[in-house]
Amino acid sequence: MNDNFFQILLDQPLTNRNQIQHFIATIANEKAEDELIVLLKEREKIGNTMIAEHIILPHLESPQIKKSQILLIRLSKSVDLDEETPEVQLIITILMKSDESQEIKKKIAHFTRRLADEKFLEMLLTIENEAIFYQTLEEEIK
């Protein structure tokens, strides 16, 4: 059962970095969208968020985030964000409230450790059925 810790958004028609940042910030907290977009841009200045071929991992920690969660945003078409970030198909976004509980932080940490597994990443890129997607992710954090 999905407790909304994961939010899966398949076939999103986002075509550039600005649209992606806007989309993420709106989900995190529509009323603080501009502030959250600034934080996303600041994070990208620190370093590339690409963690594997076709996958980026933007993440935010802020008191402006309404609910800590992990977004899995699969694009309808791959997007070249820049020379260092080509053909992005999947955006795994970690949103964390600043004062989050240890239990939620542990769930996030457990999930992020799984991102080191190439087979797991390939599965995230290819699962087509949303229900199976949720089931797979819930099993991963048990």
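Which side chains meet in a salt bridge at 2.9 Å, N to O? In this predicted model, the two partners are R17 and E44, and the pair links distant parts of the chain, since R17 belongs to helix 1 while E44 belongs to helix 2, 27 residues apart.

R17 also forms a salt bridge with D82, a residue in the loop between strand 5 (69–79) and strand 6 (88–97), so this second pair ties together parts that are 65 residues apart in sequence. Taken as a group, R17, E44 and D82 are linked in a network of salt bridges. The count for the model comes to four salt bridges, and among them are the three in this table.

| Salt bridge | N to O distance |
|---|---|
| R17 and E44 | 2.9 Å |
| R17 and D82 | 2.6 Å |
| R114 and D117 | 3.0 Å |

R17 has a relative accessible area of 22% and is therefore partly exposed, and E44, at 22%, counts as partly exposed. D82 is partly exposed at 35%, and in the pair R114 and D117 the values are 23% for R114, which is partly exposed, and 28% for D117, which is partly exposed.

Two packed helices are described by the angle between their axes and the distance between the axes. Here the axes of helix 1 (residues 17–29) and helix 2 (residues 33–46) come within 8 Å and cross at roughly 125°, which means that helix 1 is oblique to helix 2. The crossing of the two helices is right-handed. Residues making the contact include R17, I24 and A28 of helix 1 and L36, L40 and E44 of helix 2, and by class the contact has six nonpolar, five polar and four charged residues.

Conventions:
Residues are numbered from 1 along each chain as its sequence is written. This is a predicted model: local features need pLDDT of at least 70, side-chain atom pairs count only at pLDDT 80 or more; totals for chains, interfaces and linings use all residues. Side-chain values use heavy atoms; hydrogens and water are left out. Axes are lines fitted to C-alpha atoms, for helices over the stretch in contact, and angles run from 0 to 180 degrees between N-to-C directions. Helices (H or I, at least four residues) and strands (E, at least two) are DSSP runs, numbered from the N terminus. Angles under 35 degrees count as roughly parallel, over 145 as roughly antiparallel, 65 to 115 as roughly perpendicular and the rest as oblique. A crossing is left-handed if the near helix is turned anticlockwise from the far one by less than a right angle, and right-handed if clockwise. Contact means heavy atoms within 4.5 Å. Ala, Val, Leu, Ile, Met, Phe, Trp, Tyr, Cys and Pro count as nonpolar, Asp, Glu, Lys and Arg as charged, and the others, Gly among them, as polar. Buried means under 20% relative accessible area, exposed over 50%, partly exposed in between (1.4 Å probe, protein chains only).
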